[in-house]
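Subject: Handover of a structure for your review

Dear colleague,

Please find the structure below, followed by an account of what was found in it.

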Amino acid sequence: MTDRTLTRALLALYTAFVFLFIFAPIIASFVFSFNSDRFPTIPLGSFTTHWYEKAFGGDAIWPAAQTSLLVSVCTAVLATFIGFSAAYTDYRYDFFGKKAFLVLALLPPTIPLIIFALATLGWLSMFNASGMVISVIIAHTVLCSPFAMAVIRLRLNQMDPNLESAAWNLGASEWVTMKSVIIPFTKPSIIAALCLTAAVSFDEFAVAWFVSGLNKTVPVVILEILTGNVDPQINAIGSAVLVISITLVVIAQLFMMRLQPKKQEAA
Amino acid sequence: MWRLPMLIWQGLFFIGPLAFMIAMSFFLVKNYRMEPAFQMQNWVKTFTRDYFWSAYVFTLWMASLATVVTTLAAFPASFFLAFKVNETVRRWALFFLIIPFFTSYLVRIFAWQVILAQQGVLNALFGLAGLGPYTMLNTQFGTIVGYATLCLPLAIILQTFSLANIDTRLVEAAHNLGCGRFRAIYAVIVPLAKTGLIVAAVFCFILSFGDFVAPYYLGGSKPPTLSIMIIDTSKSGQQWPRAAVVAITMIVTLLTVAFAAIGYAYRKRR
């Protein structure tokens, strides 16, 4: 028995070490953002908000923040709409070529971003449509809609398939059924999808870097600072971005968790 | 009608760009402007350069190494989360593992730069123990750290799911039949979770193969990988057609690896 507890303890220790590896950079960037040294080491320097003042006092970051906000909001709405319609198609219909439809719907995240970035740059340039804010929105919507689809599809799985037919029997048209049965039922997953896709878009840098031209987003600005010098401003910007992303993800998670008890209710 | 939004959008902005990239690889560049053409020039020029092939082999090697390292590093942790903790702990662990996906990868790589630097945090810690300093930045080790940062959370999540789905009675049966604990792992547990473990590994390979941040900012681009080559030829050289050749070669490689691995994962399963 002691042998067993020892194995368990070793495994627990190892798992803790792996989590430390995963979270070390996240914690470090947060700590360094308040640290006075330009090249942080141990022992740490003194506490400062200098990097935050430098990052957010200048005027490089604010246009980028505006662009990022615009891009992620538009992307979230478009990707969630496309994801919803694709998820509903998969839930409701069976048709020739459905497998191909699903592959197309879920494929984008498996293509390396740098390749998709190059392809999109070439394609949009042909129509003189690269280097604009809308170019980034278009490309991000392609990348994000599979996530929205997955989240909404999971929710549709929990729906009683008879609900829809019941609504039709009671004389509701397809559109009324959609509006007063399906959309209310999937609402939590729609909100979750909006938050998740906004967070993904807000962090994406490779495609944004290639197609944004002069309309840089926040991650593109980070990439450019990173290419320059060691500059702890990145930690300050990164920590602020982290807070925004985590807030979005936690909201999404809360809405996802509200799905669980309802499932038991239905069962 | 509901299938149309996805078909139109992904057709126009996903299939369209990828198809155009194939066409673009036959275009010519004159005076920094791309001209439609059908010439093999870009393919010939790329495939006859030694530095392309050395970059290809290096990228393949690094991505494979990252896949093996990540898979092996993740497995004990996934094993622990799948079999040795209760449902609540597992759920919280998985929740925490999702967080990295929504923190900027760039910021995490920058943090590693500072941690791994010659005068960085890690070397300071080694110094306290009277060791080092070690050169970790701008080495292959640095690149692998970056790839692991990218892949490890996903690998643990996927592995934990596939391990937790195993019917534990089969493992108990093996124990009852006198099977040792380590033998139970490689003779019962790993084969049962094979599909999920391979899918996790394939994702690691895809992510590392295409990533340009880790090899550039932690590996010092010595030597460059294919993804860095795409950036160099397209961003500074305006040679989009040649970058397209590299990109298509990468996609073909990824498809080959992915299909071979998935085929292997589903083989011998009824």
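Helices (H or I, at least four residues) and strands (E, at least two) are DSSP runs numbered from the N terminus.

This is a predicted model, in which local features need pLDDT of at least 70 and side-chain atom pairs count only at pLDDT 80 or more, whereas totals for chains, interfaces and linings use all residues. Residues are numbered from 1 along each chain as its sequence is written, and chains are lettered from A and ligands numbered from 1 in the order in which they are written.

Burial in chain B

A residue is called buried if 20 or more other C-beta atoms lie within 10 Å of its own, exposed if 12 or fewer, and partly exposed in between, with C-beta atoms placed from the backbone. In helix 13 of chain B, the buried residues include Trp240(B), Pro241(B), Arg242(B), Met250(B) and Leu254(B). Phe95(B), which lies in helix 4 (residues 87-98) of chain B, counts as partly exposed because it has 13 C-beta neighbours inside 10 Å. Between Phe95(B) and Ile166(B) there are 71 residues of sequence separation and a C-alpha to C-alpha distance of 21 Å.

Overall description of chain A

Chain A contains 12 helices and zero strands. Its C-alpha trace spans about 70 × 70 × 30 Å along the principal axes. Of its 267 residues, 45% count as buried. Two residues are in contact if their C-beta atoms, placed from the backbone, lie within 7 Å. Among the contacts in chain A with a separation of 6 or more, 80% join residues 24 or more positions apart.

Helix packing within each chain

Axes are lines fitted to C-alpha atoms, for helices over the stretch in contact, and angles run from 0 to 180 degrees between N-to-C directions. Angles under 35 degrees count as roughly parallel, over 145 as roughly antiparallel, 65 to 115 as roughly perpendicular and the rest as oblique. A crossing is left-handed if the near helix is turned anticlockwise from the far one by less than a right angle, and right-handed if clockwise. Ala, Val, Leu, Ile, Met, Phe, Trp, Tyr, Cys and Pro count as nonpolar, Asp, Glu, Lys and Arg as charged, and the others, Gly among them, as polar.

In chain A, the axes of helix 8 and helix 11 come within 8 Å and cross at roughly 160°, which makes the two helices roughly antiparallel. Helix 8 of chain A passes helix 11 of chain A in a left-handed crossing. Residues making this contact include Ile191(A), Cys195(A) and Phe202(A) of helix 8 and Leu248(A), Ala252(A) and Phe255(A) of helix 11. By class, the contact has 15 nonpolar, one polar and one charged residues.

In chain B, the axes of helix 7 (residues 140-164) and helix 10 (residues 194-210) come within 9 Å and cross at roughly 165°. These two helices of chain B are therefore roughly antiparallel, and their crossing is right-handed. Among the contributing residues are Leu150(B), Leu154(B) and Phe161(B) of helix 7 and Val199(B), Phe203(B) and Leu207(B) of helix 10. This contact has 13 nonpolar, five polar and no charged residues.

The contact between the chains

Chain A gives 57 residues to the contact and chain B gives 58 residues. On the side of chain A that touches chain B, helix 1 of chain A supplies the largest share, 13 residues. That side of chain A divides into 43 nonpolar, 12 polar and two charged residues.

The axes of helix 1 of chain A and helix 3 (residues 50-84) of chain B come within 9 Å and cross at roughly 120°. The two helices are therefore oblique to each other, and their crossing is left-handed.

Backbone details

The peptide bond from Lys222(B) to Pro223(B) is cis, with omega near -15°. Ser221(B) has a positive phi of about 55° although it is not a glycine, and is found in the loop between helix 11 and helix 12 of chain B. Asn128(A) has phi near 55° and lies in the loop between helix 5 and helix 6 of chain A.

Yours sincerely
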